[in-house]
Each structure stands twice: as C-alpha cells, then as structure tokens.
Amino acid sequence: MSSRIFGSGIRRREDPRLITGGATYTDDLTLPGMLYAAMLRSPHAHARITSIDTSAAKQAPGVVAVFTGADVKDALKPVPCAWLLPNSNLKIAAFPAIAVDTVRFVGDIVAVVVAETRHQAYDALELIEVGYSPLPAVIDPVAASRDGAPQLHPDIPRNEAFHWTVAGGDVDAAFAAADVVVKETIVQQRLIPTALETRATLATWGGASGELTVWNTTQNPHIARFVMSAVTGVPEDKLRVIAPEVGGGFGSKIAVYPADFVTLFCSMRIGKPVKWAETRSENYQATTHGRDHVQQVELAAKKDGTILGLRATIHAGMGAYLSTAAPGIPTILHGLMLSAVYQLPALKEDVHGIYTNATPVEAYRGAGRPEATFMLERMVDKLAATLKMDPADVRFKNMIPRFENGHTVITGLSYDSGDYPGGLKKVLDHVKYADLRRQQAEGRAQGRYLGIGLATYVEICGLGPSQVAGAIGFQGGLWESAIVRVHPTGKVHVFIGASPHGQGEETTFAQLVAHEIGVEVNDVKVLHGDTEMSPMGWGTYGSRTTAVGGAALILAARKVRDKAKVIAAHLLEAAVEDMDYADGRFFVKGAPDKAKTIQDIALMANVAWNMPAGVEAGLEASMFYDPPNFAYPFGSHVAVVEVDRETGQIELKRYVALDDCGPQINPVIVEGQVHGGVVQGIGQALWEQAVYDENGQLLTGTMLDYALPRADRLCDIEVIHTVTPSPHHPLGLKGVGEAGTIASTAAICNAVMDALAPLGVETLRMPFTPERVWNAINKA
Amino acid sequence: MTVPVSLTINGRRYDRQIEPRLLLVHFIRELGGLTGTKVGCDTSQCGACTVLLDGVAVRSCTCLTVQADGSSVTTIEGLAPAGSLHPLQESFWNKHGLQCGFCTPGMIMAAHELLRTNPKPTDVEIRHGLEGNVCRCTGYQNIVRAVREAAERMAR
C-alpha cells in the first residue's frame with residue numbers, strides 16, 4: 001500500500017469531528033469557576049488618556065476585577081517584536097499590553113473587566129469613564145513619513161520604524177542604458193485577514209504550583225509559550241500552551257497579542273480560569289492586518305522587451321506598533337524576491353517601515369511575496385503595453401531558464417529548482433491563449449470588454465535554514481521536529497512541532513508515514529498543538545509545515561524503518577546488508593515470502609524479548625530537521641474577466657492556476673489550498689480594503705462593511721500543475737499554502753487593466769469596485 | 001429580570017429562566033452545551049451560527065431565545081442520528097468541502113435550507129443559495145461540489 005498512498009487524494013482524517021460539531025475551538029472550552037474577560041478599547045486613533053475611573057464598573061453585578069495600564073505595567077513586559085531586522089536602523093516602540101498614558105490606534109486596550117459572565121463583563125465596560133485628549137492621527141504611510149506629520153512615538157522622527165535597502169548590479173547604468181522606462185505608483189491596500197474564528201485565550205493559573213495553562217488560537221504554540229514566558233515571567237517549564245482546534249489564521253494568529261497577556265495576567269492575579277474571546281469588531285480593530293504598501297516603481301528595459309533594472313521605494317505602513325514578525329515582511333520576504341521569475345540584472349529598493357495610527361500589520365497569506373509578485377507582474381504588463389508586445393512574450397523573453405539544482409538571483413537568494421517557461425507555456429496551451437486573444441478582439445469589436453491577465457510567480461517558502469533566520473534577525477529558529485512512535489500492535493502516533501489549523505496535515509502526514517514504513521494510513525494518528533505533548537517546533541506559516549516539518553517526519557520515519565530492518569535481520573538470522581524492504585515488509589533479498597512485517601517488528605521491539613545485541617527496546621525515533629535552503633514553489637495563472645462598461649461591474653469569466661509545489665502528497669488537499677489561496681487574492685483585487693477615515697476611525701469595522709469574497713461572485717478555479725521536485729527535500733516537496741494568493745491578485749489586476757485598456761484607463765487602484773471602475777472609464 | 005423559556009434542541013427539551021436579551025446562539029452554546037454552532041461575525045453576515053428553527057434555517061446570532069420559545073431547534077449535532085452522517089456531512093467530507101471547519105456547521109445548515117427549498121439546484125443556484133455564508137479557506141468551489149453531490153444522493 002505504501003506505493004499508492006503517497007499522491008492519493010484520500011478523505012481528511014480531521015473532518016469527522018468538524019462536520020458533526022464535535023471539534024473544540026478555544027471559545028468552546030469552559031472550565032469550572034471560569035470567569036470572562038472583556039477589553040475596553042480606545043475609540044480614538046491617537047489620544048492622551050487624561051483620566052480613568054473604574055469605580056462604577058467595579059461595583060457592577062458579577063464583576064470580579066477591573067484592571068488598567070497602571071495595574072499591569074509592572075507585571076507584564078512590553079509586547080515584544082521578534083524580528084530584529086539588521087542594518088535597518090530599527091526603532092521598536094514600547095508596546096504596553098494596556099495603554100498607560102497614550103492610545104495610538106482604535107482598538108488599543110485601555111482597561112479589562114473580569115466578570116462571572118460574558119454579558120456582565122461587557123455591561124461593565126460601559127461603566128468605565130475614560131478621559132481622552134485627542135491628538136492628530138495619521139493613517140497613510142507616505143503622509144506619516146513627512147516632516148510635520150503627527151508623531152506617534154517619542155524619539156522616532158518621521159515615524160520611521162526602519163529603513164532597509166536591497167541592491168544589486170548597477171541600477172543607475174541600467175536606467176541610463178534603457179530604451180524605455182515604465183513607472184507606476186502601486187497601492188497594496190491594507191487588508192483584514194478575517195480568519196472565521198476570531199481570536200481567543202483561556203488561561204488557568206495553578207496557584208501554588210506556579211503553573212499556567214493557556215489555550216490560545218495560535219498558529220505556533222511553541223513561539224506563544226516562548227513569548228508568554230518572556231512577558232509574564234512564568235518559566236517555560238511551568239507554562240503550557242495548547243492550540244486546540246484553530247479556525248484559520250492566514251498570518252493573523254502568528255503574533256502573541258496584548259489581550260493574550262492581559263488574559264494571562266487576569267488569571268494569575270485572580271487565581272481563577274479566565275477566558276477572553278474577541279468579537280468580530282474587536283478582531284477587525286485589533287487583530288493584525290496585512291499589506292499596506294505604497295510602492296513607487298520604475299522598470300528599465302530595452303525596446304525588444306529585455307528587462308535591465310528595477311528601482312523602487314516602498315512606504316510600508318506598520319500600524320501603531322511592530323507586531324511579532326512585522327519588520328521582516330515588507331523587507332526580507334518582499335525585497336529579496338524582487339527578481340521574481342526573471343533574469344534581473346540590476347535592482348535597488350528602499351523600504352521605509354512607517355508607524356501609523358492604525359492596527360499593527362503582520363504576515364497575511366503570502367506575506368511580502370504577493371506585494372513583490374504584484375510589483376513585477378504589473379510592471380511587466382505595463383512594459384508590454386508600452387512596447388506593444390504580448391505580455392506572455394515579454395515574460396518568456398526575461399524568464400530564468402529551467403534549472404534543477406540552484407539558481408542564484410541578483411538579491412543573493414539561491415532558488416532551488418524551477419521551470420518557469422515550462423509552466424507558463426503549459427498554462428497558455430491549456431487556456432488556448434491565442435484563441436482567447438482572438439475572442440477578446442472579436443468582443444471589443446462588439447463593444448464587450450474582455451480582459452486576459454497573466455501572473456507568473458516564484459515564492460520563497462519552507463522557512464528556512466535557522467542560520468539564515470539568525471542572520472536576518474528572526475529571534476527564533478526555523479527548523480521543525482517530529483517523533484514517530486510505533487506501538488506494540490503496529491499503530492503509530494506521530495508528534496509534530498508544527499501546528500496545522502485547517503491545512504490537513506493530520507491526513508497528509510499520516511500519508512507520509514504510511515509511505516515510509518508501510519503501515520495503513522488509518523493506523524497513524526498525528527498529534528500537535530500542545531507544548532507539553534508535541535516536540536518543539538516553530539509553527540505553521542510561510543508554507544513551511546510540509547517543506548520543513550514534513551521533512552523532519554519523513555526522516556524520523558526512515559530512522560524507524562532502519563531500526564526495524566536491523567531487528568528483522570536478527571529475527572530472520574540474516575545480515576542487515578542482505579535485507580530488503582518493500583511495503584511494510586522486511587525480508588532477505590530474493591526471499592520475499594518469508595518476511596517480517598512492520599507490525600511483527602513493532603511487537604518484538606516493544607516486548608523486547610529477542611532483540612539484536614546493542615539495540616534499544618521500543619520502536620520510536622525523533623528527528624530535528626533544519627533545511628539547507630528555502631523552498632521555491634512557482635507557477636503561472638491566467639484570469640479572464642469582463643468589464644461592464646455601463647456599470648463598472650467586473651465579472652470573473654475564467655481562472656486557471658498552474659502551480660508547481662513539487663510532488664503532491666494529497667492532490668485533493670493541494671487543490672483545496674489553491675482554491676482558497678486564489679480566492680483570497682481575488683478578494684484583494686476586487687473587494688477587500690480596510691478603510692480608515694481622516695481621524696483614524698476604522699470604517700470597515702464589521703463584516704457588513706468589509707467586503708469578503710462570497711460564493712456567488714466567483715467562478716470555478718481550474719487547477720493544473722507541473723511537478724519540479726526540490727533538490728534538497730527528502731521527497732522533493734515544496735509548499736502550497738500561499739501560492740494561490742501570491743499570484744491571483746496580480747492576475748486579476750492585469751486582466752482588469754487589459755479589459756480597460758481600449759477605454760483609455762492606464763492605472764487604477766485596488767480594489768476594483770464598480771464605482772472605481774465606472775469613474776475610471778468615464779474620466780478616461 | 002428573567003423570563004421562562006422552553007425549547008427543544010435536537011429532541012431534548014430545555015426549560016430555563018433567561019435574560020430576555022439572550023441570543024439563541026448563546027442559549028445553544030452556553031445553556032445547551034452544544035458548541036458546534038459558531039459565532040463568526042455578530043452581525044448576521046457570515047452564517048456560521050445558522051441553525052434550523054422548526055425546520056427552517058435562521059441566524060441564531062440575530063435571533064433572541066425568547067423568539068424561539070416553544071420551538072424546536074436543530075443544530076449540526078442533531079442533523080443526523082448519533083453515529084451516522086447526514087448526506088450533506090458525508091458529501092462535505094467526500095469533496096473536501098472544508099478546511100479549518102469553523103464555517104462548516106453553519107454552511108451545512110445553510111445548504112440544508114437550500115436543498116429543502118430547491119432539491120435539485122444548479123451550481124449557480126448553489127452559489128446564490130450560499131452567498132450569505134462566509135468561508136475563508138475553501139474558495140467555495142468544493143462546497144459547491146459537496147452540495148451538488150449531496151443533492152444527488154438525497155434524490156436517490
């Protein structure tokens with residue numbers, strides 16, 4: 001069976017509990033004596049706190065305690081930023097868990113109420129009197145970087161959190177030699193991740209034992225423990241973090257948040273279990289956002305379409321404070337990817353990270369890479385339009401040729417393997433590109449505005465070698481670990497350090513183990529998400545769980561297989577080097593009929609009645625895997641849209657995604673990841689934007705106002721693949737969690753701009769709402 | 001102030017004294033102990049809280065418990081007899097119609113309503129029937145496939 005289970009689209013092991021309402025998410029938990037916390041959040045984007053009166057709230061029915069910044073400031077260290085970007089003059093503003101004298105965004109915590117019921121806690125919030133003296137606020141990162149802009153933090157002039165550059169080649173010479181330079185100001189609007197489960201924390205303090213147990217909606221429980229320990233002072237060995245069922249993250253559940261620490265503080269101070277669960281409005285105000293770049297970009301090229309150089313200045317809005325991984329996202333994960341799939345001879349990019357009076361940003365699906373891909377793909381299309389070339393031809397002309405084992409680009413990264421022209425050719429053949437262009441021309445003649453958009457991409461994922469993590473200032477490692485434990489009956493428990501929250505690794509990782517040691521997939525149970533049960537790991541983000549955690553698991557399983565082979569040789573009275581293995585059976589070469597199964601060996605290893613000399617009892621192995629390089633999935637997407645000239649409405653006609661994530665453990669799950677990723681990117685192009693008014697009020701504060709992709713607005717996504725194994729992964733696997741999002745925003749944008757080109761529209765900011773499109777058509 | 005209510009959830013009767021403001025979803029989750037029904041948005045936009053009230057789908061986050069007094073509620077836990085799966089549950093599993101699972105109970109209940117009123121929907125009708133339910137993971141495509149398969153199974 002092992003030869004068939006890898007690559008099989010089996011049903012997910014996770015699903016029975018999820019489709020019956022049997023899964024337990026953090027807010028589903030109730031402990032005896034549990035109290036409820038509610039956070040009072042600032043209604044102002046920037047203000048001095050002049051007074052706080054909690055006396056009435058403290059007298060309200062059911063209220064157990066009310067705390068303010070003054071109560072917690074000595075007990076909780078500031079909320080840490082954990083990506084200390086080097087060579088960037090990084091200035092980290094202290095982020096108090098509860099604001100003490102100044103609030104800096106709508107949603108900053110001002111006080112917490114703990115009460116016997118959720119309703120009592122929210123009722124009492126209304127009774128807290130806070131005096132505010134409003135200060136001027138600034139939301140736009142470019143405006144915030146100017147002299148005279150409202151300053152958020154003392155000693156951080158022009159609100160500049162960091163200034164990071166990436167350069168290679170002679171960019172000035174490239175522009176001097178260019179036949180053509182195309183320029184664009186691109187706004188990567190601020191987005192709200194909107195995991196359907198809002199964030200929640202349940203903390204229970206063990207009192208005299210000094211032990212603190214925390215259930216938390218996190219993508220990375222081990223990082224959460226590390227950070228919670230640092231902030232609360234509870235030693236790591238007495239702090240247990242459990243990520244129960246987690247309802248999506250998309251980056252917004254990487255950070256450890258002020259409200260988490262406040263909930264821990266409340267439990268420790270009161271001595272009871274305390275649960276806090278966000279409302280959706282709180283989630284939109286206070287859980288991290290994504291993107292928020294203003295990109296000024298110039299691309300230099302020869303008149304035959306050959307790209308000579310790229311120059312860009314980015315203002316990245318960071319929000320009021322630097323979230324856990326925030327500084328690395330518009331820099332390392334963005335700037336280093338600017339060569340994209342192209343042979344780029346020269347590059348200079350300046351990235352200014354700017355504090356603004358908005359919600360802190362973090363990783364959001366793709367995290368820096370969609371913003372890089374978009375820049376290149378938009379500029380290549382502009383170049384094609386300027387030169388009156390086909391966008392596909394410009395791409396083919398500049399693409400890095402196929403390579404199997406390493407290609408170093410101008411930013412210094414060494415891509416692992418890729419066939420970018422092969423992928424683009426395959427997807428163009430699939431859609432019958434020439435026919436599409438013909439249909440477009442025919443449509444235009446009839447007054448129909450079809451647009452065809454291409455986007456090619458390569459992404460850096462499988463984060464990553466720990467040595468590199470250290471060099472780029474990430475305050476942690478990036479390896480993963482796994483334990484494979486075979487029980488006497490041949491059933492297997494797998495313990496992993498990564499923390500899936502919807503991606504299906506309980507299934508795909510069971511498939512890996514079945515593939516490697518020949519047990520039935522249903523005999524493998526994958527456990528994760530509890531720091532007292534699962535081995536150390538750095539979490540599920542950056543499309544790294546399969547690339548890194550999967551590699552750890554494969555190598556642990558191979559250790560088990562190697563040990564089993566030694567035991568089998570002993571039982572068959574043969575030399576180890578004379579042994580063969582196939583599909584869970586160990587036998588002397590040429591004698592497959594007389595085999596010991598993995599189950600036979602599991603029983604013998606666990607009872608240990610007759611073991612080879614010097615071999616330990618048990619059948620278990622662990623593996624810590626630190627990858628030698630990142631993984632670089634890639635692909636090419638094609639979008640077809642039609643713009644209604646009268647209404648500005650955009651109809652999705654067709655979407656084809658070609659992705660190459662290497663060999664696929666479970667193609668059904670891969671396809672699901674692509675579907676979801678593509679739709680999230682479409683959301684950015686067409687509907688989504690976090691909107692603040694000039695005072696810093698979040699206008700898109702509920703799902704009524706923030707437009708999410710919905711079923712009736714979408715078309716089916718056609719998913720196709722090429723397979724280019726990574727040379728450094730034990731099974732050649734790469735990663736697929738973010739791929740769809742990285743390509744699809746650019747593909748849709750290029751399609752819309754292609755549709756609007758004959759109407760004279762050359763530039764338009766996302767999201768492409770009917771109003772914007774209609775206005776653009778009518779102003780052009 | 002509290003008021004008495006009596007309602008049946010998944011065949012079991014609950015007689016309780018409640019605050020009049022108590023939302024049905026909180027009654028189900030906190031007094032009923034049935035946490036399969038989720039709160040996703042608080043504003044009736046995401047559909048994660050969808051349950052059947054006397055057989056008809058409602059948003060339990062915008063329904064007061066007192067409005068459900070005397071009614072019979074079906075939640076995801078009661079959609080199929082214990083130990084078995086409703087065809088919709090089976091099809092969501094078969095077609096990979098879920099990832100993180102948080103929207104799934106509400107999505108299945110909304111799909112139940114769709115098939116109750118339109119047993120043989122086209123894909124376009126499925127998409128329109130589910131536009132009030134948000135899923136952030138799947139892009140909806142496999143949900144459409146799942147509902148289509150369930151409709152076929154239920155027609156047999």
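Before anything else, I need the pairing rule: two strands pair if DSSP finds at least two bridges between them. I also note that this is a predicted model.

**Entry: a strand pair.** With that rule in hand, I looked up strand E14 (residues 307–319) of chain A and strand E15 (residues 347–355) of chain A, and they pair in the parallel sense over nine bridges. I checked one partner: A:Arg311 bridges to A:Lys348 in E15(A).

**Entry: the sheet around it.** I then traced the sheet, an open one of five strands in chain A, ordered E7-E15-E14-E13-E8, with mixed pairing. Which strands stand at the edges? They are strand E7 (160–168) and strand E8 (180–191) of chain A; each has a single partner strand, so one side of each is left without a neighbour in the sheet.

**Entry: H12 with H21.** I followed helix H12 (residues 369–387) of chain A to helix H21 (residues 739–756) of chain A; their axes come within 8 Å and cross at roughly 30°. Angles under 35 degrees count as roughly parallel, so H12(A) and H21(A) are roughly parallel to each other. The crossing of these two, H12(A) and H21(A), is right-handed. On the H12(A) side the contact residues include A:Phe374 and A:Arg378, and on the H21(A) side they include A:Ile742 and A:Met753. I sorted the residues of this contact into seven nonpolar, four polar and four charged.

**Entry: H12 with H13.** I noted a right-handed crossing for H12(A) and H13(A). A:Val380, A:Asp381, A:Leu383 and A:Ala384 of H12(A) make the contact with A:Pro391, A:Val394 and A:Arg395 of H13(A). By class I have five nonpolar, no polar and two charged residues in the contact of H12(A) with H13(A).

**Entry: another strand pair.** Last, I looked at strand E20 (residues 492–496) of chain A, which four bridges join to E21(A), running parallel. A:Phe495 stands opposite A:Leu527 in E21(A). Which face of strand E21 (residues 524–527) of chain A is covered? I find A:Val524 and A:Val526 on the covered face, and A:Lys525 and A:Leu527 on the uncovered one.

Notes. Residues are numbered from 1 along each chain as its sequence is written. Chains are lettered from A and ligands numbered from 1 in the order in which they are written. This is a predicted model: local features need pLDDT of at least 70, side-chain atom pairs count only at pLDDT 80 or more; totals for chains, interfaces and linings use all residues. Axes are lines fitted to C-alpha atoms, for helices over the stretch in contact, and angles run from 0 to 180 degrees between N-to-C directions. Angles under 35 degrees count as roughly parallel, over 145 as roughly antiparallel, 65 to 115 as roughly perpendicular and the rest as oblique. A crossing is left-handed if the near helix is turned anticlockwise from the far one by less than a right angle, and right-handed if clockwise. Two residues are in contact if their C-beta atoms, placed from the backbone, lie within 7 Å. Ala, Val, Leu, Ile, Met, Phe, Trp, Tyr, Cys and Pro count as nonpolar, Asp, Glu, Lys and Arg as charged, and the others, Gly among them, as polar. A residue is buried if 20 or more other C-beta atoms lie within 10 Å of its own, exposed if 12 or fewer, and partly exposed in between; C-beta atoms are placed from the backbone.
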